[in-house]
Amino acid sequence: MWMLRLLPGMGPGPEKPAPAVKTSGNKIKIKPSAALPPQNVNAKTIVQKFHPQIEALHRATKGRLDLIHAVFCQISETNGKPPMPPQILFSLLELTPEDVKEQPVFISDVTLIRGFEKMVKPDDGGDSFYEKVITVIEVQVKRSMHAETEIEKLKPAFLELHNGCKGASKQLFAFFMELLPEDQRKQYSFEMWITMVMKMPPTSATIPLAHFTEQFRDAMDVTDTAEAIIPKVQKHIELNKDPAAAAAAAEELEKASAAAMAAMQQAGGAAAAAKAPPPAPTAQAMKVVDGFKSDLEELHDATGGRVSQLHVAFNLVAEANQKPRIPPPAMGSLLELSKEDLAQNPVKVSQTQLMRAMYKMARPEETTENFQDKVITVLKPFTARCKHAQEQIKVLRPALAELHAACKGAAAKLFEFFMDLMPEEQRPTLTLPQWCGLVMKVNPQSTEIQLEQFILSFQDSFDESDKAEIILPVLQRHIQQLKDAVESEASTPAERKDETKEEEAKEEAKEEAAKEAEAEAEKKEEEA
């Protein structure tokens, strides 16, 4: 089901950017940042060719901002970029805080077209823009059209199901779980489902029929058909004819899900994998994957084996092939994470663990051509970006450590440095809490950031256009500013006392001179 993707939340928008101030010097874009690509002079002409696809996307989403955001995130990730943060989408679509005040937010097709015009990079042509952007749109439009068709067939059955359970959220959850593969059902708790899929508070006891139908439609993939779903709806309609039995079944499912989630969190997914081991990879699948061993070793080296980055890579492969993102518990199971692995900070895996995970991803009858097309071509740009970031950080690490030591890891000071790397007109679109949460991956209210967390998060935000030689002068300037501030505050009490005495002596001398001048003036008056 498509809805199981974990998408960024849509919060209130940022303040409208201040007018651009022209400054000299190089500007770099760090992802995720609020920096938008420079405008291509042919952007309107390029995008105009694809107006039908963009208008079809607008019709498919009905202009809803949250659904459009999901598509923009998928475009970013398909091209090996981090998911697009909400504030960048607001800037792209020229939305103000007033525009996003009431939810859901709807935008016009004209606004959407202008947003895509801003996405055209200087070196983009019609063919490259089609490949990088429009192909993703076409897939999502196809999914949406399929979902609209199938949901119409499901509406009568959903009405009967909803009436039978009086909209009870736990009984609708029990029905929904039956649509998932059996080995995935225990990976989702009721609270996760109602929050992430139904987009309602976790305490909701009932779900309105129209809302349930709409969210179910938005969750459907092209593989979901009314023909396959209706028998399961009928099963739960029959079950709901005995309210006590239906409630008991829903309660039992919730308890089982909660217990499974707790076990997987405690053992990092290893316990769950031991209970229900997946089928062993076939010799054919392993042979095909082994043929790309050098590419996968390069991926491991470029990411340092960090699970957080490998998870991003696996999700890119899933989404490029129109599959749901891989939930964290499933990723832990795929990589066979042990308690020892989870005790590391950051969590890392060996090349052997990565290869075994790839064996599981390959189809039993896998072919070299298919695996290269579906997996390796997606991983190569991601590997190149990670490798580039790794090389740049090697050069920058000493200066980054010096900056961190100079400000004692103060989030506000590190944020000031990061802001200096962004185009001035884009700086107002990213706040300190947003930067902490989205870029540094720490609590948005954090006041301090650990050194390794700062360096690794900074590294993960790199794009291939970011160069150490451009960043280093900015780093050195901030280090010097912090040192100057420390020196200014470090003068001794004796020095400050001497300075005070000197100032007092000067004031006394001025007062004495003024008195003498006044006395002289009085004397001249008397003589006159």
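Helices are DSSP runs of H or I with at least four residues, and they are numbered from the N terminus. This tour goes through a predicted model, in which local features need pLDDT of at least 70 and side-chain atom pairs count only at pLDDT 80 or more, while totals for chains, interfaces and linings use all residues. Residues are numbered from 1 along each chain as its sequence is written, and side-chain values use heavy atoms, with hydrogens and water left out.

A cavity here is a set of points on a 1 Å grid over the protein atoms alone where a 1.4 Å probe fits but cannot get out, and its lining residues have an atom within 4 Å of a point. Grid points are joined across faces, edges and corners, and a volume is the space filled by probe spheres set on the points.

**Q53 in α2**

Stay on helix α2 and select Q53, which is buried (under 20% relative accessible area), its own value being 19%. Leaving aside neighbours within four places in sequence, Q53 is in contact (heavy atoms within 4.5 Å) with Y130, I134, I137, E138 and V141.

**The second largest cavity**

Next, select A302, R306, Q309, R385, C386, A389, Q459, D460 and F462, which line the second largest cavity, a space of about 50 Å³. Which helix supplies the largest share of this lining? The largest share, three residues, comes from α19, and both α19 (368-407) and α22 (451-460) supply at least two residues. This lining is made up of four nonpolar, three charged and two polar residues.

**Helix α18**

Finally, select residues 351-361, which form helix α18, and within that helix pick out Q353, L354, M355, A357, M358 and Y359, which are buried. To see what covers these buried residues, show the elements that include α13 (283-290), α14 (293-303), α15 (307-320), α16 (328-334), α17 (339-342) and α19.

Technical notes. 1 Å grid on protein atoms, 1.4 Å probe; cavity = no way out; pocket = protein on both sides within 12 Å on 5 of 7 lines; lining within 4 Å. Nonpolar A, V, L, I, M, F, W, Y, C, P; charged D, E, K, R; others polar. Buried < 20%, exposed > 50% of the residue type's maximum accessible area, 1.4 Å probe, protein only.
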